Amino acid sequence: MSTTDEQPSPPGSSCFSFHRIHGSRILLTNGSRTATRDGSSGINAEYGDNGVVYTGLPLSGHAKFVVEAQKLHSSWSGSFKIGIVLIPGEQLKEGFQPPRYSPSTPQSWVWSSLSLHAGQILKTKYGKVNLEDIKKGDKLGIEVTSEGTLSFHVNGENQGPAAHNVYSTDKHVYGFVDHYGQAVTSTITEAFVNPFSLQHLCKRRVLGLLQGNVESLNQTLPEPLIGYLGAG
């Protein structure tokens, strides 16, 4: 990790780092706020994958995560992919193997090119911008509202809802950036999370234990409480 290229966090943000768990080709610098896919440029470039990096903290409440594309290489096809993935709390630790290619990830929403992948299913055309056209200096953002609505941004422009109720399980929600193909280096420019209330965390825990089967409580809990648990 470099100690000579430190840059201050942007004013007015809580700029957390990339997670220590990442793809096998990734090198983190700048206080773990810059990610570079190694072996991705030069005459002997060999690798265009294994470039996934995760947010250093799980997303919660109203959360936003923005990176700037800082280096691309024209030798490859494909480019940045961004998204979120649901991961059990104990899973993202030493020994966890990130996917070599993010659209193959279960329990995820991934924006790739002009398409939105839900899990391993190509769901729909998405976005006003083709991620294949991202240039140096462009900014890619992930935003989740406190109600769990996911959207992606390019240079501050919201590309529209990509998913709803992403906080409806007891799994942690991590944002990620996939440095694939032409995408070599990105740096975090803005990042914040707003912690959930204890009430919301308890709700998520109960739903996780029930595996979403709220109807099983019909005979044991008051109707208003069942309605609350069943709400997105």
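I started with strand β6 (residues 81-87), which runs antiparallel to β13 and is joined to it by 7 bridges. Helices (H or I, at least four residues) and strands (E, at least two) are DSSP runs, numbered from the N terminus. Two strands pair if DSSP finds at least two bridges between them. I then looked up L86: its bridge partner in β13 is V173.

Before going on, I noted that this is a predicted model: local features need pLDDT of at least 70, side-chain atom pairs count only at pLDDT 80 or more, and totals for chains, interfaces and linings use all residues. Residues are numbered from 1 along each chain as its sequence is written, and side-chain values use heavy atoms, with hydrogens and water left out.

I stayed with β13. Strand β4 (residues 52-55) also pairs with β13, antiparallel, over 3 bridges. Here V53 stands opposite V177. Is β13 mostly covered or mostly uncovered? Mostly covered: of the 7 residues in β13 (residues 172-178), 6 are buried. Buried means under 20% relative accessible area (1.4 Å probe, protein chains only).

Next I traced an open sheet. I read 7 strands in the order β2-β3-β14-β5-β10-β11-β12, with antiparallel pairing.

β2 and strand β3 (residues 34-37) run antiparallel, joined by 4 bridges. L28 stands opposite A35 in β3.

Conventions. Buried < 20%, exposed > 50% of the residue type's maximum accessible area, 1.4 Å probe, protein only.
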